[in-house]
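Colleague: I would like to learn how to read a model of this kind. Please take me through it one feature at a time.

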Amino acid sequence: MSTIEEWDTADVRDLHDDLVSLHGPVERTSDHGADANADPGEGVRQLVTTILSQNVADENTRRATEALFTAYDDFAAIETADHGKLADTIRVAGLPDQKAARIQRALAAIREETGGAYSLAFLDAMPADEAKGWLTDIKGVGPKTASVVLNFHFGKPTMAVDTHVERVSKRFGLVTESATNKRAHDELDALIPDELTYPLHVLLITHGREFCSARSPDCTNPVCERYCSCEAC
């Protein structure tokens with residue numbers, strides 16, 4: 001495989017199976033996927049946490065999330081918080097001023113859409129493209145952030161494309177080499193079968209971390225030998 005035109009659904013299923021053979025199967029946990037019994041605020045909390053996670057390590061995301069929900073009693077308090085104090089609270093996540101503004105804009109948009117509730121339950125009834133469009137209309141919420149919320153919380157078929165997914169997808173020819181991150185989301189959403197969106201997201205990240213790294217990739221594995229077109233292969 002080297003160009004996106006060569007891939008079809010059967011090829012993607014083969015890739016999934018080959019990645020499973022190398023890394024093991026992916027199981028959805030109770031935290032990932034739509035749950036009719038979940039607290040209505042869980043989707044909002046995931047959106048806020050995902051905004052905090054933008055361009056920062058997982059540990060700093062965890063620390064910022066803990067600090068945020070310790071400092072403020074509820075989403076209303078976060079939305080109406082003093083911007084400077086809110087930025088200081090989440091500073092460990094990096095870009096504190098920008099992320100504070102994004103979080104407050106997102107909470108305001110949700111409250112206005114629902115008539116006062118901090119819940120994203122209304123997105124569940126929307127098609128994936130429409131739901132993603134609603135989220136990305138919020139300044140600072142890009143396709144990756146929207147896709148994380150929609151796929152992980154609601155189980156909608158939209159691929160979250162982080163740096164590992166984008167790098168590996170381009171090396172495998174799943175995505176056009178020159179594609180922007182937004183275009184990569186569109187191309188993968190069009191190509192990946194709905195039921196494989198979540199497991200392939202996890203498997204491509206795992207493969208990117210363990211073998212197909214940005215620098216000094218280890219291509220001595222059957223998946224890279226079959227699919228990868230990077231210089232090391």
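Modeller: Begin with Arg62, which is found in helix 3. A helix here is a DSSP run of H or I with at least four residues, numbered from the N terminus. This is a predicted model, in which local features need pLDDT of at least 70 and side-chain atom pairs count only at pLDDT 80 or more, while totals for chains, interfaces and linings use all residues. Residues are numbered from 1 along each chain as its sequence is written, and side-chain values use heavy atoms, with hydrogens and water left out.

Colleague: Is Arg62 buried, partly exposed or exposed?

Modeller: Arg62 counts as partly exposed because its relative accessibility is 43%. Buried means under 20% relative accessible area, exposed means over 50%, and partly exposed is in between, with a 1.4 Å probe and protein chains only. Arg62 and His164 are 102 residues apart along the chain, and their C-alpha atoms are separated by 20 Å.

Colleague: What about Thr61, buried or exposed?

Modeller: Thr61 also belongs to helix 3, but at 7% relative accessibility Thr61 counts as buried. Setting aside residues up to four places away in sequence, Thr61 touches Thr49, Leu52, Ser53 and Val56. Contact means heavy atoms within 4.5 Å.

Colleague: How do I describe two helices that pack together?

Modeller: Two packed helices are described by the angle between their axes and the distance between the axes. The axes of helix 2 and helix 3 come within 9 Å and cross at roughly 130 degrees. That makes helix 2 oblique to helix 3. Axes are lines fitted to C-alpha atoms, for helices over the stretch in contact, and angles run from 0 to 180 degrees between N-to-C directions. Angles under 35 degrees count as roughly parallel, over 145 as roughly antiparallel, 65 to 115 as roughly perpendicular, and the rest as oblique.

Colleague: Which residues of helix 2 and helix 3 meet?

Modeller: On the helix 2 side they are Arg45, Val48, Thr49, Leu52 and Ser53, and on the helix 3 side Thr61, Ala64, Thr65, Leu68 and Phe69. Helix 2 passes helix 3 in a right-handed crossing. A crossing is left-handed if the near helix is turned anticlockwise from the far one by less than a right angle, and right-handed if clockwise.

Colleague: At what angle do helix 2 and helix 8 pack?

Modeller: At about 145 degrees, with the axes 9 Å apart. The crossing of helix 2 and helix 8 is right-handed. Glu42, Gly43, Gln46, Leu47, Thr50 and Ile51 of helix 2 meet Thr145, Val148, Val149, Phe152 and His153 of helix 8.

Colleague: How many residues does the largest nonpolar core have?

Modeller: In soluble globular proteins, nonpolar side chains tend to be buried together. In this model the largest nonpolar core has 34 residues, and those with the most contacts inside it are Leu47, Leu120 and Leu123. Helices supplying at least two residues each include helix 2 (42-53), helix 4 (75-79) and helix 7 (128-136). The largest share of this core, six residues, comes from helix 6. A second, separate core of 28 residues includes Phe172, Ile192, Leu203 and Val223. A nonpolar core is a set of buried Ala, Val, Leu, Ile, Met, Phe, Trp, Tyr and Cys residues joined through side-chain atoms within 4.5 Å.

Colleague: What does Leu47 touch?

Modeller: Beyond residues up to four places away in sequence, its contacts include Ala106, Ile110, Leu120 and Val149.

Colleague: How many residues of helix 11 are buried?

Modeller: Ten of its 14 residues are buried, so helix 11 is largely enclosed by the rest of the structure. Among the buried residues are Tyr198, His201, Leu204 and Gly208. The buried residues of helix 11 pack against helix 1 (9-23), helix 8, helix 9 (163-172) and helix 12 (222-227).

Colleague: What should I look for in the backbone angles?

Modeller: Most residues other than glycine have a negative phi. Leu95, in the loop between helix 5 and helix 6, has a positive phi near 45 degrees. Leu95 counts as partly exposed at 37% relative accessibility. Ser216, in the loop between helix 11 and helix 12, has a positive phi near 50 degrees. Ser216 counts as exposed at 70% relative accessibility.

Colleague: Is Ser213 buried or exposed?

Modeller: Ser213 counts as buried, at 19% relative accessibility. Ser213 is found in the loop between helix 11 and helix 12. Leaving aside neighbours within four places in sequence, Ser213 is in contact with Arg167, Arg171 and Gly208.
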